[in-house]
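Keep the sequence and the model open side by side. The text below walks through them one piece at a time.

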Amino acid sequence: MSALKIITLLLGTVSLTAIAATPDDLIGDERAVKQHIAQAELQNFSAKEIIAHGKMLFNAKFTALDGAGRPAATSSEIPVKKDPGISLAMFRTAGPDSNACAGCHNQPGSGGAGEFVVNVFAASGVTNVDFDTLEPQFSNERGTPHLHGSGLVELLAREMSAQLQAIRSKAVEQARTSKASVQVRLTAKGIDFGELSIGADGFIDISKIDGVDHDLIVRPFSQKGVFTSLRQFTINAMNAHHGIQSDERWGTQWTNSDDFDEDGYQHEISSGDLTAISIYQASIQTPVQQLSQNKVLKQAAIEGEQLFNDADCSGCHTQYLPLKSLLFSEPGPYNAAGNLRPSDGQPSYQYPISAEGLSQDAQGNWLIPIFSDLKRHVIADSDKPHFANERLSQRFIAIDEFMSAKLWGVGSTAPFGHRGDVSTLMEVILHHGGEASASRLKFEAMTDLERRKIVEFLKSLQLTLAEVK
Amino acid sequence: MNRLKKLLLMSALLTVTSYALAIESPQMREETATSGISHQYTGGWEYFVGGGVAAFDCNDDQYPELYFAGGASSAALYINQSALGQPLKFSKKSNSNLALDAVTGAYPLDIDNDGILDLVVLRLGENMLFKGTGNCQFENANKEWGFDGGNAWTTAFAATWEGKSTKPSLAFGNYVDRSQAGSPFGTCHDTDFYRPNERGQYSQNTPLTPGYCALSLLFTDWNRSGQPSLKIANDRQYYRGEGQEQLWKIPQGKPPVRYTVEEGWHRQRIWGMGIAAADLTGDGKPDYYITSMADNKLSTLASQDGSARFKDIARVSGVTAHRPFTGNAVLPSTGWHAQFDDVNNDSFIDLYVVKGNVEAMSDFATLDPNNLFLGTPEGKFIESAERSDMLSFHRGRGGSLVDLNLDGLLDVVVVNRKQDSQIWRNLGAGSADKSAAMGNWLALKIVQSGSNRNAIGAFIEVRVADRTQSREVTVGGGHAGDKAHWHHFGIGVAERAVARVQWPDGEWSPWIRLFANQHARISRDKSTADTWLPFASAKGLTQ
């Protein structure tokens, strides 16, 4: 047995069964994650300590000794075995394609966005990677979004889901009581999500639901708006990008195996770890508006905001969505099996998100300057086909449909578009088609200076690295 | 060492020790005593067999009622009074004309296509077709539908819609013909096969001869030819000579014909008691578990040429269940009702086998616990009844895995001979009396207009990532009872799935998009499913 193998086995054993025994001075320890944390023990830590642990995980360059790599598993978000055969340890398309979360989410800092070079190839290698190329029939190439304010995003989505489902329940009850069909509008936080028709028999016609999944869960993450929670996205990404498999998704309960990816490592990331990394992401600073010190540019941005509204850009890029509570509980209420759920018997962790920079309305709601309605829209047409540049629908969503981009931070996160292939804000606005055609036409009808003012306004929506207090 | 590190080190130990060790078994809580169900299947030799339970909704709240065969005692219809996800509650319906004696089993189906389930009641003596009229009221429709219930000892049933027939064809499996000289040995009764005439009347019986003491029947499209055959589990205890398991071709408009050795059929002699079907191999074709006395079989199609040649994979799959899995008994087991369904919603179908000594057969185990086999990703099964806290040594007969409180977890009902019927609430990952979800699930209804509204004979496919679960929609099988309720699919960690239906006439639906943990109805000619929310509680009967 080679020395390398012996060291690997030794460290592997340490990571498997005796994490607690890891000495500080273990010579040659090449693990990126030297300690894990149990969900049940989170209550013993301060929020600062949990965030520090989560940030460590987010920034960690996972190594084989951490369980990185998945020689026998694909990037699929549910357990799928890879076809037998030799596969590369790292693979730019089908993954694992990065060492750390922060390897891509790094501009202007950890948790930020990424430029074109760190695009990912979503859906590549879900079953078979051998003949995949960069051609769009094999994957959807996506840019790296920033995660600033993402805790607030998830909280908004949770409240909207609750509102929509309450409307549904009430309408069903009404139909049953009256023994007659009922039609009801689906509105949450002032956003219209179409209509439900409930038959006299209580069955619900979902065909007129608009811009949200028909289970009425607002899924606010990814450009498509198809992921429910930071936790769910993190679990998916840990496997797809790093080959770090959580027991929540790939554990024995679901796979009858404690090492589904057959890399020789078990329990690669714990539920407590996933809570910590979710809380870290939820805690990343809320984007802010930073007006230029230059008086001309500052005034232009202020006027640009009004012009932005005049062009009805804010019809989808809704400036503020009201939020009742800043208390972020993890796990979230809409997680499905495969992600820790409140019903799973583990204690939830409560984290109050900072109100810094947020204003409140008369009802005490926090106004979240997200510049999105968290709704999906058709965004391309034959006149403006650019955004329909994918070939694979994702999670039932057609290729011309995307969630309204959250424009907070857009001034810091060039390039633009879901593929990160548009270098200027002006261009990306002009690519809007579909449901955004009317707004684009208004934009095009403006003077050159007015259009520039809108761009100047968008440039003022910045990410900040200021410390969260 | 700083505080954070110390705490991390402590928690790491917990992390390591808190991981699950295997496929997770659901926690079952027996609620017989508090359920309101008090029922036994009783009687002498004629009731050594039978003892089925039918699970179906008869008051339009989707909470399934339970109709228990009683043998020498009166059969009983229990109305579901449960609340969503809560303890199981039932009340016995009084003054029901279903409260008959000599009932061995029952099967629910919509015979007259009015959207209300009817009930076929099997008896020692005249079988009866009951027309459901709503609010759990039933009318004897033998006369209206031109059906002569006969006087046989009926122990099995199955139904199929042939072609565009407005009513189903009905097969009644009969046990020993007590009127023959030399009974019971070598005097098995034929299976009766009724096709509706052009007026929808069951005036003509086509006996399927020879009969070999059938204890379970199932119309099933074993080779996906589009034309179901009739599979019969026969009890070798009483047949003689050429007796064996049977598979009958049912060509439309022509007399049924048995599959022969020339067509690949191999003679198999077991104490066939019950049939369960599910596609275990992923080829889209049903595989069959046939209960027996010790030699339970799991039959999968072995031929590549379309012939009816099956092989047994019970041993490699871990479901021989040939002797009690606990205790010191080495005597063989006696299996009765069997049913495939996913009780832990991990997407790998499970198998429940109800067991119990015939009466006092000393060569067979007296304490013979029911098996709960949990399916694994490797296609094998792991015994889990004890881990699920549902060990029972009662003398079991019929049973059902059915979601009685509409929480997405399949509960369990078992009919016992001369002992109380039992009912378990599936608590999933919960404990004590609080349930908790396990894997994700779908509960599907499929409907079409005209005749055969519930699309008996259809296949439902549910696809998640690289796996497709295929389920044939049938009426029959099990032991003397069946359920007509939501088609339940566990989908594990998938948050969504697509489903399609091959309707009985062979036409495929488009792939229908579904999100997890919902009840949904797939209607023919509609490309989206209608979802459904459970009532907060069962609504009981209108007075």
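Which are the buried residues of H11(A)? They are Arg451(A), Lys453(A), Ile454(A), Val455(A), Glu456(A), Phe457(A), Leu458(A) and Lys459(A). A residue is buried if 20 or more other C-beta atoms lie within 10 Å of its own, exposed if 12 or fewer, and partly exposed in between, with C-beta atoms placed from the backbone. The cover over the buried residues of H11(A) includes helix H8 (295-310), helix H9 (425-430), helix H10 (437-445) and strand E14 (461-462) of chain A. Helices (H or I, at least four residues) and strands (E, at least two) are DSSP runs, numbered from the N terminus. Helix H11 itself covers residues 448-459 of chain A and has 12 residues. From first C-alpha to last, H11 reaches 16 Å, close to the 16 Å expected at 1.5 Å a residue. That expected span is 1.5 Å times one less than the number of residues. An α-helix has 3.6 residues a turn, so residues three or four places apart point the same way.

A word on the ground rules. This is a predicted model, in which local features need pLDDT of at least 70, side-chain atom pairs count only at pLDDT 80 or more, and totals for chains, interfaces and linings use all residues. Residues are numbered from 1 along each chain as its sequence is written, while chains are lettered from A and ligands numbered from 1 in the order in which they are written. The predictor gives the complex an ipTM of 0.93 and a pTM of 0.94.

Now take chain A as a whole. Chain A holds 11 helices and 14 strands. Its radius of gyration is 23 Å, close to the 23 Å that the globule rule gives for 469 residues, so chain A is as compact as a globular protein of that length. The radius is taken over C-alpha atoms, and the rule is 2.2 Å times the number of residues to the power 0.38. Along the principal axes, the C-alpha atoms of chain A fill a box of roughly 75 × 65 × 50 Å. Of the 469 residues in chain A, 53% are buried. Two residues are in contact if their C-beta atoms, placed from the backbone, lie within 7 Å. Among contacts in chain A between residues at least 6 apart in sequence, 71% join residues at least 24 apart.

Next, a strand pair in chain A. Strand E8 (residues 327-330) and E9(A) run antiparallel, joined by 4 bridges. Phe328(A) has Tyr351(A) in E9(A) as its bridge partner. Strand E9 (residues 349-352) has alternating side chains. Tyr349(A) and Tyr351(A) point to one face and are buried.

Then look at a loop. Asn389(A) lies between strand E12 (376-378) and strand E13 (401-403) of chain A. Is Asn389(A) buried or partly exposed? Asn389(A) has 17 other C-beta atoms within 10 Å, so it is partly exposed. Ile399(A) is 10 residues from Asn389(A) in sequence and 7.6 Å away in space, C-alpha to C-alpha.

Move to chain B. Chain B has 3 helices and 38 strands. Its radius of gyration is 22 Å, close to the 24 Å that the globule rule gives for 543 residues, so chain B is as compact as a globular protein of that length. Of those 543 residues, 59% count as buried. The mean pLDDT of chain B is 95, and 96% of its residues reach 70 or more. Over residues 9-21 of chain B the pLDDT is below 50. pLDDT is the predictor's confidence in each residue, from 0 to 100.

One is an open sheet of 4 strands in the order E18-E19-E20-E21, with antiparallel pairing. Strands pair if DSSP finds at least two bridges between them. Strand E18 (274-278) and strand E21 (310-312) of chain B each have a single partner strand, so one side of each is left without a neighbour in the sheet. E18(B) and strand E19 (residues 287-291) pair over 5 bridges. Ala278(B) stands opposite Asp287(B) in E19(B).

The other open sheet has 4 strands in the order E31-E30-E35-E36, again with antiparallel pairing. Strand E31 (467-472) and strand E36 (512-515) of chain B are its edge strands, and each pairs on one side only. Strand E30 (residues 459-464) is joined to E31(B) by 6 bridges. Glu461(B) has Ser470(B) in E31(B) as its bridge partner.
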